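Walk me through the side-chain pairings in this model. Start with the terms, then go strand by strand.

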Amino acid sequence: EDFVFPKKLMQEHFNENYLESDKYPKSYFFGKIISLEDGISHVEGELTIHGVTNKIKTQGNFIINNDFVLINNVRFVVRLKDYNIKIPKIVMYKIAEDIEITVSAKLKRI
């Protein structure tokens, strides 16, 4: 799914022009839970965006039941320069160099 922004035009420009979604249509995270305490999971892994992979650590709510695993409010910061995402100087002051990402997912247990 695309990165979602409050303003549709900002979202379209970021995904199409800066992330180059046609060239890099997917982002990936591969990681593992390091610890789980009181429903909060601590996770380490590798995040790939724009064809560049970096290690990250984060935490979020983690709920397990018989049918699914719910991951909620996982937050981390992505520095655009760490993923070779270049922002033209003309709009440099309108786009943050560090972007906070929030992830929620419902995973079906198999």
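Buried means under 20% relative accessible area, exposed means over 50%, and partly exposed lies in between (1.4 Å probe, protein chains only). By that scale Asp98 is partly exposed, at 36%. The model is predicted: local features need pLDDT of at least 70, side-chain atom pairs count only at pLDDT 80 or more, and totals for chains, interfaces and linings use all residues. Residues are numbered from 1 along each chain as its sequence is written, and side-chain values use heavy atoms, with hydrogens and water left out.

Asp98 has a partner. Its side chain meets that of Arg79 in a salt bridge (3.2 Å, N to O). The pair links distant parts of the chain: Asp98 is in strand β5 (residues 98–108), Arg79 in strand β4 (residues 68–79), 19 residues apart. Strands here are DSSP runs of E, at least two residues, numbered from the N terminus. Arg79 is partly exposed, at 42% relative accessibility.

A salt bridge needs a side-chain nitrogen of Lys or Arg within 4 Å of a carboxyl oxygen of Asp or Glu. The count by this rule is two. Glu44 and Lys57 also form a salt bridge, at 3.7 Å, N to O. Glu44 lies in strand β2 and Lys57 in strand β3 (residues 52–64), so the pair ties together parts 13 residues apart in sequence. Glu44 is partly exposed at 31%, whereas Lys57 is exposed at 64%.

Strand β2 (residues 40–49) also holds Thr48. Thr48 is buried, at 17%. Leaving out residues up to four places away in sequence, Thr48 touches Ser27, Tyr28 and Thr53; contact means heavy atoms within 4.5 Å. The side chains of Thr48 and Thr53 are joined by a polar contact of 2.6 Å. A polar contact is a pair of N or O atoms within 3.5 Å; within protein, one must be able to donate a hydrogen and the other to accept it, and residues adjacent in sequence count only if both atoms are side-chain atoms.

Terms used. Helices (H or I, at least four residues) and strands (E, at least two) are DSSP runs, numbered from the N terminus.
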